[in-house]
Amino acid sequence: MRNGSPGRILLVLGRIALAGILLFAAYAKLKPQVPGMHWSKASVKTSVAMFAMNVDSFQMLSTPRQVSLVAHLLPFCELGLGLWLLTGILLRFSSVIATLVFAGFFTLIVRTYLLGLEINCGCFGPGEKLGPRNLIVDGSLLALAIAVTVGAFLSRRKSRLEDAPAAAPATLGAD
Amino acid sequence: MEVFSDYQCPSCGSLYEQTLRPMINDYVASGKVYLVHRDFPLPMHAYGYEAARWVNAAARIGKFEEAEAALYDNQKAWSIDGSMEKYVAGAMNAADFKRVQKLMVGCGIEVKPPTGPDNPSGCPLDANIEADKQLGNQVPVKATPTFITSYKGQKYPAASGVISWPVMKQYFDSLLAQ
């Protein structure tokens with residue numbers, strides 16, 4: 001893809017959108033959950049504990065320790081992955097990881113919805129009820145991640161083709 | 001913590017057995033948590049409203065906890081045919097149960113719940129249940145169990161579903177540490 005081509009622009013926009021979503025998701029989980037409350041170590045701890053309750057309500061993990069681990073790690077993984085995508089460095093790898101993450105979320109949401117569990121999703125902070133809207137939103141995010149991944153690989157392939165030296169013309173009697 | 005629940009809701013039963021019971025024995029007993037039960041019987045549970053009436057009647061003579069425990073412990077049994085009376089009876093002595101029965105006069109299963117403020121049911125116990133439902137609608141409660149925590153004058157976002165006690169305990173600890 002050449003710089004400035006529509007494909008390249010779409011890839012950049014997709015990458016930034018994906019990064020923005022992940023960063024927002026991390027922010028929503030970590031921010032103080034009460035309006036007017038200031039950021040502090042204690043407020044982040046409470047926010048993580050609230051997210052742990054969301055994770056627990058999915059009834060996927062078997063021990064409280066696993067729940068706590070996921071609740072503590074996931075927001076920071078989203079933060080790191082979002083920042084990585086924003087830089088555009090090693091985009092093929094970051095986009096593949098983002099796709100796997102969103103595929104995991106989508107599978108979980110579908111399973112939970114089919115089981116009829118009446119819970120809070122917690123995807124973008126506590127208080128977010130799980131419903132058909134979540135299926136559409138998470139499905140769309142997964143589609144975006146896949147599109148960015150495909151775009152990243154195609155972009156890399158085209159760059160390689162454009163950068164490859166032209167084939168030397170065959171010469172007769174060279175030897 | 002306010003818990004909006006329906007006595008016939010299986011998830012509410014699970015929350016009670018797995019989480020609220022240890023919480024009551026631990027954090028409520030030690031004064032760390034003040035637990036408030038709010039009735040929110042769901043229309044799809046045929047006996048949920050009636051169960052709430054029985055527990056409200058028991059609460060009026062100071063036997064709320066006993067009646068609540070009896071109904072949740074035997075939820076599967078009475079949910080089939082609405083035979084909750086015998087379980088409430090088994091949770092207290094004969095004299096107390098007679099007082100509860102007296103309060104339940106005019107509140108049998110044949111008495112339909114109120115459909116609005118202009119259409120009361122005639123059962124005096126329904127006023128408390130309807131008041132709780134009003135509070136729940138303001139949250140809004142979309143499913144049971146739903147619980148809301150308030151701490152130092154701040155109300156935290158509502159959460160719902162079955163949460164294990166160790167996870168909920170961590171949440172309380174994080175609040176109490178503030």
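Two residues are in contact if their C-beta atoms, placed from the backbone, lie within 7 Å. In this predicted model, that criterion places Val48(A), Phe51(A), Ala52(A), Val55(A) and Asp56(A) of helix H2(A) against Val67(A), Ser68(A), Val70(A), Ala71(A), His72(A) and Pro75(A) of helix H3(A). Between the chains, 23 residues of chain A are in contact with 21 residues of chain B. The points below treat chain A, the interface, the sheet of chain B and the local backbone geometry.

**Chain A**

- Chain A has five helices and zero strands, and its elements follow the order α-α-α-α-α from the N terminus.
- Of its 175 residues, 34% count as buried.
- Among contacts in chain A between residues at least 6 apart in sequence, 63% link residues at least 24 apart.
- The axes of H2(A) and H3(A) come within 8 Å and cross at roughly 120 degrees. Angles of 65 to 115 degrees count as roughly perpendicular and those over 145 as roughly antiparallel; H2(A) and H3(A) are therefore oblique to each other.
- The crossing of H2(A) and H3(A) is right-handed. The residues of this contact comprise eight nonpolar, two polar and one charged.

- On the side of chain A that touches chain B, helix H2 (41-57) and helix H3 (64-87) of chain A each supply at least two residues. H2(A) gives the most, with nine residues.
- By class, the residues on this side of chain A are twelve nonpolar, seven polar and four charged.
- H2(A) also meets helix H8 (residues 165-176) of chain B: their axes come within 9 Å and cross at roughly 165 degrees. Because angles over 145 degrees count as roughly antiparallel, H2(A) and H8(B) are assigned to that class.
- The crossing of H2(A) and H8(B) is left-handed. From H2(A), the contact involves Lys45(A), Thr46(A), Ala49(A), Met50(A), Ala52(A), Met53(A) and Asp56(A), and from H8(B) it involves Val167(B), Met168(B), Gln170(B), Tyr171(B), Ser174(B) and Leu175(B).
- This contact of H2(A) with H8(B) has eight nonpolar, three polar and two charged residues.

**Sheet of chain B**

- Chain B contains an open sheet of four strands in the order E2-E1-E3-E6, with mixed pairing. Strand E2 (36-39) and strand E6 (159-160) of chain B are the edge strands, each pairing on one side only.
- Strand E1 (residues 2-5) of chain B pairs with E2(B) in the parallel sense over four bridges. Helix H7 (residues 126-138) of chain B packs on the sheet and touches E1 and E2 of chain B, its direction making about 95 degrees with that of E2(B).
- Ser5(B) stands opposite Asp39(B) in E2(B).

**Local backbone geometry**

- Most residues other than glycine have a negative phi, and most peptide bonds are trans.
- A cis peptide bond joins Val139(B) and Pro140(B), with omega about 0 degrees; another cis peptide bond joins Thr144(B) and Pro145(B), with omega about -5 degrees.
- Pro140(B) lies in the loop between H7 and strand E3 (146-148) of chain B, and Pro145(B) is in the loop between H7 and E3 of chain B.
- Gln59(A), which is not a glycine, has a positive phi of about 55 degrees and is found in the loop between H2 and H3 of chain A. With 17 other C-beta atoms within 10 Å, Gln59(A) is partly exposed.
- Lys152(B) has a positive phi near 50 degrees and belongs to the loop between strand E4 (150-151) and strand E5 (154-155) of chain B. Lys152(B) counts as exposed, with 7 C-beta neighbours inside 10 Å.

Methods
Residues are numbered from 1 along each chain as its sequence is written. Chains are lettered from A and ligands numbered from 1 in the order in which they are written. This is a predicted model: local features need pLDDT of at least 70, side-chain atom pairs count only at pLDDT 80 or more; totals for chains, interfaces and linings use all residues. Ala, Val, Leu, Ile, Met, Phe, Trp, Tyr, Cys and Pro count as nonpolar, Asp, Glu, Lys and Arg as charged, and the others, Gly among them, as polar. A residue is buried if 20 or more other C-beta atoms lie within 10 Å of its own, exposed if 12 or fewer, and partly exposed in between; C-beta atoms are placed from the backbone. Two strands pair if DSSP finds at least two bridges between them. Axes are lines fitted to C-alpha atoms, for helices over the stretch in contact, and angles run from 0 to 180 degrees between N-to-C directions. Angles under 35 degrees count as roughly parallel, over 145 as roughly antiparallel, 65 to 115 as roughly perpendicular and the rest as oblique. A crossing is left-handed if the near helix is turned anticlockwise from the far one by less than a right angle, and right-handed if clockwise.
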